[in-house]
Amino acid sequence: MRLLTRQLQCALDLVTLSSAFVLAYLLRFDFAIPESEVRVMLVQIPIVLALQCLALMWTGVYWFIWRYVGMNEIKAFTKAALISALPILMMRLWLPEQLQVFRVPLSIIVMDTVLAFGGVLGLRVLRRAWDEGFAKRYRVRQTNGNGNGHLKPVLLIGAGRAGMLTAREIKTRGNLNLNVKGFIDDDPQKQGSVINGIKVLGTTKDIPRLVRELEIDHLVVTIVEGSRRDFRRILDICKAVPIKVRTIPGLYEILQGDVKVSRIRDIQIEDLLGREPVCLDETSVKNFLAGKSVMVTGAGGSIGSELSRQIARLQPSQ
């Protein structure tokens, strides 16, 4: 099955790469390619496609899972584009006139490289978008089938990395019964900014007003490294509204295996008494992980990918 899927991916890439090359020629000649140039194009296209496919294979693109392609994978596509364009450019500059038929015009090289690798990357982005949309609709149908179709409006307190990951999970999962209305953050530079399509609506001082205006059901604290004083201050503000407050566990809890992926939970007394001093003993964790092969299950999700990044800093062998 995996082999069949990879063959289908290669076939789609070939169609995209060849279409990009033809489109580059059409753009160069204003969609009226002379007959002599058509013959030249047909000679050049197998060479160009072979170089581009080899570049994609060499940079590991065909090992990517399409539905998990993100910003980190763009570097591989950019590298493949440069690697494939370089020999074509060298052929253009150094081949003698007798081999003119193999010399791809510079404008074609530029346009084809952009169109070709933008196209193969676009295929994967569309696959991810479709997969996330389908998965979300499926979870929503499952949730609605259980009679829990009403989405509760919530605000996320903290527009940092943890807030971004939480917002992404809520949007993609679709079965958490939550509708994120916005972020709350005290950083003045973040006011009015948009993260994952969700706007930072104000500071903690604006919580009472926003709760009334947006009819918020509860708030979720996504500050994983906040001090106890800040945490207590936020709870006091919410208590005065009054509004229910929930939170997500810190990264240390996830690494220690104390929580499940469904991480939004009610406030616990430990959040008030022990949130600040509890932290990872990085030296011990590094001694445990350094030089070893580490498997992260569910690495395609927000938490799994973040764990992978954190563990990579501790120098495992792979």
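User: Arg103: buried or exposed?

Analyst: Arg103 is buried, at a relative accessible area of 13%. Buried means under 20%, exposed over 50%, and partly exposed in between, with a 1.4 Å probe and protein chains only. This is a predicted model, where local features need pLDDT of at least 70, side-chain atom pairs count only at pLDDT 80 or more, and totals for chains, interfaces and linings use all residues. Residues are numbered from 1 along each chain as its sequence is written, and side-chain values use heavy atoms, without hydrogens and water.

User: Where is Arg103?

Analyst: Arg103 sits in the loop between α3 and α4. Helices are DSSP runs of H or I with at least four residues, strands are E runs of at least two, and both are numbered from the N terminus.

User: Which residues is Arg103 in contact with?

Analyst: Setting aside neighbours within four places in sequence, they are Gln44, Met91, Arg92, Leu95, Pro96 and Glu97. Contact means heavy atoms within 4.5 Å. The Arg103 side chain also reaches the backbone oxygen of Arg92 at 3.0 Å.

User: How many residues does α3 have?

Analyst: Helix α3 covers residues 71-94, so 24 residues. From first C-alpha to last, α3 reaches 36 Å, close to the 34 Å expected at 1.5 Å a residue. The expected span is 1.5 Å times one less than the number of residues.

User: Which residues of α3 are buried?

Analyst: They are Glu73, Ala76, Phe77, Ala80, Ala81, Ser84, Ala85 and Ile88.

User: New topic. How many residues are in the largest nonpolar core?

Analyst: That core has 30 residues. Leu17, Phe21, Tyr25, Leu56, Val104 and Phe117 have the most contacts inside it. A nonpolar core is a set of buried Ala, Val, Leu, Ile, Met, Phe, Trp, Tyr and Cys residues joined through side-chain atoms within 4.5 Å.

User: Which elements give two or more residues to this core?

Analyst: α1 (2-28), α2 (35-58), α3 and α4 (106-145) do. The largest share, eight residues, comes from α2.

User: What does Leu17 contact?

Analyst: Beyond neighbours within four places in sequence, Leu17 is in contact with Leu49, Gln52, Cys53, Leu56, Asp112, Ala116 and Val120.

User: How many disulfides are there?

Analyst: The count is zero. A disulfide is a pair of cysteine sulfur atoms within 2.5 Å. For Cys10, the nearest cysteine sulfur is that of Cys53, 7.1 Å away.

Key:
Polar contact = N/O pair within 3.5 Å; in protein donor to acceptor, adjacent residues only side chain to side chain.
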